Amino acid sequence: MSGAMLFIKEDLKITDVQVEVLAGILNLCALAGSLTAGRASDWIGRRYTIVLASVIFFLGGILMGLAPSYAILITGRCVAGVGVGYALMVAPVYSAEISSPSSRGFLTSMPEICISLGILLGYISNYLFAKLPLMYGWRTMLGIGALPSMMLAIGIFAMPESPRWLVMQGRLKEAKEVLLKVSNSKDEAESRLQEIKKAAGIDGSCVDDAVEKPRRTRGEGVWKELLLRPTPPVRRILIAAIGIHFFEHATGIEPVVLYSPRIFKMAGIDSKNKLLIATMGVGLTKTSFILVATFLIDKVGRRPLLLTSVGGMIVSLSGLGFGLTVVEHSEEKLVWALALSIACLISFVAFFSVGLGPITWVYSSEIFPLRLRAQGASLGVAVNRLMNGTISMTFISLYKAITIGGSFFLFAGLAVLAWLFFFFFFPETRGRSLEEMEEVFSNGSCRLSTRPVTRDDCEMN
């Protein structure tokens with residue numbers, strides 16, 4: 001969409017306000033998708049929820065690719081948004097539930113890697129399809145997104161169902177078979193099965209192939225337990241999940257990804273080809289540093305990586321705000337200010353991608369208890385999409401009101417608040433099983449630990 005908007009505005013003769021709506025409407029519709037995805041994934045399973053998301057997104061892509069008018073384009077964007085909401089909720093949860101504790105960070109960050117790779121491929125396709133006639137170019141940029149969604153819908157049938165969802169349905173034999181495939185050893189598979197059965201309320205000594213479904217296996221009563229009568233650990237988990245999703249977008253990544261051609265233009269790059277090439281640099285940086293993060297997240301841990309990431313974002317956003325302010329108020333073209341702006345924009349994307357970007361999805365998908373995980377994760381995604389939509393739909397109006405430099409100084413201030421929030425509210429979860437997360441969040445002195453919290457630590461406290 002970032003590159004397509006350059007041509008949509010020219011072809012359909014739309015205003016800046018309509019551009020903002022087009023950019024952000026997907027995320028507001030994803031809000032509706034994410035809020036219903038949790039219940040759907042508890043009802044039909046994680047795997048079939050991914051299929052459903054793919055079909056919805058395919059329909060949205062086709063509508064956008066064939067859109068004869070702005071109204072149809074918006075409709076297609078809304079339909080695609082619902083699919084995005086489903087996918088963003090279920091993909092990290094599915095990854096977390098089939099992963100062992102030793103590799104969960106790496107595997108749960110894979111969806112974020114693939115999102116970044118998709119963004120990079122989108123930037124490349126923008127550059128290639130920009131050479132087509134105006135009325136076909138941007139439609140091809142958007143319509144081609146329907147192809148990967150169908151590949152996913154077909155490919156997911158070769159993947160196993162979540163063993164935790166199978167246990168919730170009483171299908172113990174199937175769950176054990178999946179765990180034997182995705183665990184490092186038979187003993188690990190057996191140990192994980194015992195923990196999952198305990199979390200689901202099934203007797204650990206039960207060796208039956210199937211049992212009666214445990215109570216509340218389809219999400220009944222979960223919202224009451226999450227929002228109305230949460231236990232202290234669940235309340236802390238909920239605050240952590242909502243907080244990290246809020247700050248992921250409140251710190252400004254969406255304007256950089258979505259409006260990077262416009263930002264580069266304000267920094268002094270005029271040619272459309274050069275704008276699209278510079279934007280590809282953003283996508284390449286994002287993908288590269290998320291790859292780095294996947295190899296660090298299970299070795300360094302979530303908390304140190306997150307604090308380092310946000311600290312670097314604060315410095316980068318401040319530098320970007322300063323550089324763009326100088327460019328905006330200078331009557332002549334200052335090469336050093338242009339270079340500073342581009343360098344800070346790239347470094348901001350790098351710091352975001354090495355920590356806050358992937359950890360948001362890893363952390364929020366692994367901290368909720370089994371009975372609350374699907375709908376708890378969907379609530380986090382809903383906040384994520386709401387913030388994404390709000391920021392993307394108001395950024396043009398924001399920088400026109402307080403200047404482009406001022407808007408990034410504002411994001412820098414929010415990043416400072418984010419760093420403080422993560423420092424005081426986020427415990428380390430590396431190396432802990434999903435069934436131990438309530439314990440991790442139940443002890444005040446454990447919350448500030450920068451290393452994996454052990455059971456003995458919390459018992460001593």
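Helices are taken here as DSSP runs of at least four residues, numbered from the N terminus. On that basis, in this predicted model, helix α21, which spans residues 404-425, supplies the largest share of a nonpolar patch, namely 6 residues. The patch lies on the surface and is formed by Ile 239, Val 416, Leu 417, Leu 420, Phe 423, Phe 424 and Phe 425, which together present about 590 Å² of accessible area. Phe 425, which has its place in helix α21, has a relative accessible area of 39% and is therefore classed as partly exposed.

When residues up to four places away in sequence are not counted, Trp 138 touches Ala 4, Phe 7, Ile 8, Asp 11, Leu 12, Met 64, Ala 67 and Leu 73.

With regard to the cysteines, a search of the whole structure finds 0 disulfides. The nearest cysteine sulfur to Cys 29 is that of Cys 78, at 3.0 Å, whereas a disulfide requires a pair of cysteine sulfur atoms within 2.5 Å, so Cys 29 is in no disulfide. Cys 29 counts as buried because its relative accessibility is 15%, and Cys 344, at 11% relative accessibility, likewise counts as buried.

Note on methods: Residues are numbered from 1 along each chain as its sequence is written. This is a predicted model: local features need pLDDT of at least 70, side-chain atom pairs count only at pLDDT 80 or more; totals for chains, interfaces and linings use all residues. Side-chain values use heavy atoms; hydrogens and water are left out. Buried means under 20% relative accessible area, exposed over 50%, partly exposed in between (1.4 Å probe, protein chains only). Contact means heavy atoms within 4.5 Å. Patches are made of residues with over 30% relative accessible area and no salt bridge: like charges are joined within 9 Å, nonpolar side chains (Val, Leu, Ile, Met, Phe, Trp, Tyr) within 5 Å. Accessible areas come from the Shrake-Rupley method with a 1.4 Å probe; for residues, only the protein chains shown count as cover. A salt bridge is a side-chain nitrogen of Lys or Arg within 4 Å of a carboxyl oxygen of Asp or Glu. Helices (H or I, at least four residues) and strands (E, at least two) are DSSP runs, numbered from the N terminus.
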